[in-house]
Amino acid sequence: MQILKVSGMSCGHCVRAITRVVQAGDPAAEVQIDLGAGEVRVASRQSLEQLLQAIRDKGYEAEAA
């Protein structure tokens with residue numbers, strides 16, 4: 001499980017957008033998002049860099065927690 005700090009998330013649309021972009025790279029990925037903490041927990045076959053880049057490409061700031 002990777003834990004990422006993501007800023008710029010504020011609503012359900014953000015949750016859906018990040019979930020979709022992670023699952024586009026790995027349809028079996030499990031994504032848990034805590035808007036209040038600004039955390040995204042991901043269980044995926046994708047590398048940390050792939051996850052971070054996919055989220056950044058959607059316009060969010062992301063880094064490893």
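Q: Why does Gln46 count as buried?
A: The cut-off for buried is under 20% relative accessible area, with over 50% called exposed and anything in between partly exposed (1.4 Å probe, protein chains only). Gln46 comes in at 13% relative accessibility, so it counts as buried. Bear in mind that this is a predicted model, where local features need pLDDT of at least 70, side-chain atom pairs count only at pLDDT 80 or more, and totals for chains, interfaces and linings use all residues. Residues are numbered from 1 along each chain as its sequence is written, and side-chain values use heavy atoms, leaving out hydrogens and water.

Q: Where is Gln46 found, and what does its side chain reach?
A: Gln46 is in the loop between β3 and α2; helices (H or I, at least four residues) and strands (E, at least two) are DSSP runs, numbered from the N terminus. Its side chain gets to the backbone oxygen of Val22 at 3.0 Å. Setting aside neighbours within four places in sequence, Gln46 is in contact (heavy atoms within 4.5 Å) with Val22, Gly25, Asp26 and Leu51.

Q: What makes Asp26 buried?
A: A relative accessibility of 2% does it, so Asp26 counts as buried. Asp26 sits in the loop between α1 (12-25) and β2 (30-34).

Q: Which side chain makes a polar contact with the side chain of Asp26?
A: That of Ser44, at 3.0 Å. The rule asks for a pair of N or O atoms within 3.5 Å; within protein, one must be able to donate a hydrogen and the other to accept it, and residues adjacent in sequence count only if both atoms are side-chain atoms. Not counting residues up to four places away in sequence, Asp26 touches Ser44, Arg45 and Gln46.

Q: Why is Arg16 called partly exposed?
A: Its 46% relative accessibility falls in the in-between class, so Arg16 counts as partly exposed. Arg16 belongs to helix α1.

Q: And is Val40 buried or exposed?
A: Val40 is in strand β3, and a relative accessible area of 0% makes it buried. Its contacts beyond four places in sequence include Leu4, Val6, Ile18 and Ile33.

Q: Which residues of the largest nonpolar core touch the most other members?
A: Of its 17 residues, they are Leu4, Val6, Ile18, Val22, Ile55 and Tyr60. β1 (2-7), α1, β3 (39-43) and α2 each put in at least two residues, and α1 gives the most, with five. A nonpolar core here is a set of buried Ala, Val, Leu, Ile, Met, Phe, Trp, Tyr and Cys residues joined through side-chain atoms within 4.5 Å. As for Tyr60, its relative accessible area of 12% makes it buried.
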